[in-house]
Amino acid sequence: MTETRSAGVRGDSGPQVAELVASRVLDVPDFPKPGVMFKDLMPLFADGAVFRQVVDGIVAYHGRDSFDAVVGIEARGFVIAAAIAYATGVGVVPVRKAGKLPRPAYSASYALEYGEATLELHEDAFTAGRRVLVVDDVLATGGTAEATLGLVERAGGTVVGFTVLLELGFLGGRERLAPRPVHALLEV
């Protein structure tokens, strides 16, 4: 394992925040399959002071009063969403893998490099026009994010932003989500 650090790190909240995130990301080779370099964010979550700075940075970027709810994408997105919701006093709403929600839910399927996945969101998650900030740990190709943003909109929410800790820019996920606003603390 190696740290993801390099000269000239960049992100939408500036180089200091990008460097902070980069300092707590570990590269894990050949996970979950040979040839993949997994970006492990668990060291960031485990460092209380850094995690607080990251959450505070996300809140500062979007503005404390710019959203009414935070959506977290299963599973690491739950960690970030709950912290942001707590810091701002708004509710948190999970987007789950298929079959995990107990009430009627909208579903969206999307392609993965090795098959297909389905996400779900309770149909009654939002009142019409509720401003929603969607968060996740990593933006790669954008399939998961695109499905989630569509679910939020189908449920009556208005997506005011999509934030990730780490964007794998070379995979083009940001372009796939346009024209919705995307905010990445670190882009590699």
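These legends go with a few close-up views of a predicted model.

Local features here need pLDDT of at least 70, side-chain atom pairs count only at pLDDT 80 or more, and totals for chains, interfaces and linings use all residues. Residues are numbered from 1 along each chain as its sequence is written, and side-chain values use heavy atoms, with hydrogens and water left out.

View 1. Helices (H or I, at least four residues) and strands (E, at least two) are DSSP runs, numbered from the N terminus.

**View 2. The loop between β2 (26–29) and β3 (37–40) holds Pro-32.** Take a look at the peptide bond from Phe-31 to Pro-32: it's cis, with omega near 5°. Asp-30 sits in the loop between β2 and β3 too, and its phi is near 60°, a positive value in a residue other than glycine.

**View 3. Ala-75 is found in the loop between β4 (69–73) and α4 (76–88).** Here the peptide bond from Glu-74 to Ala-75 is cis, with omega near 0°.

**View 4. Leu-171 lies in the loop between β9 (158–167) and α6 (173–177).** Leu-171 counts as partly exposed because its relative accessibility is 38%; buried means under 20% relative accessible area, exposed over 50%, and partly exposed in between (1.4 Å probe, protein chains only).
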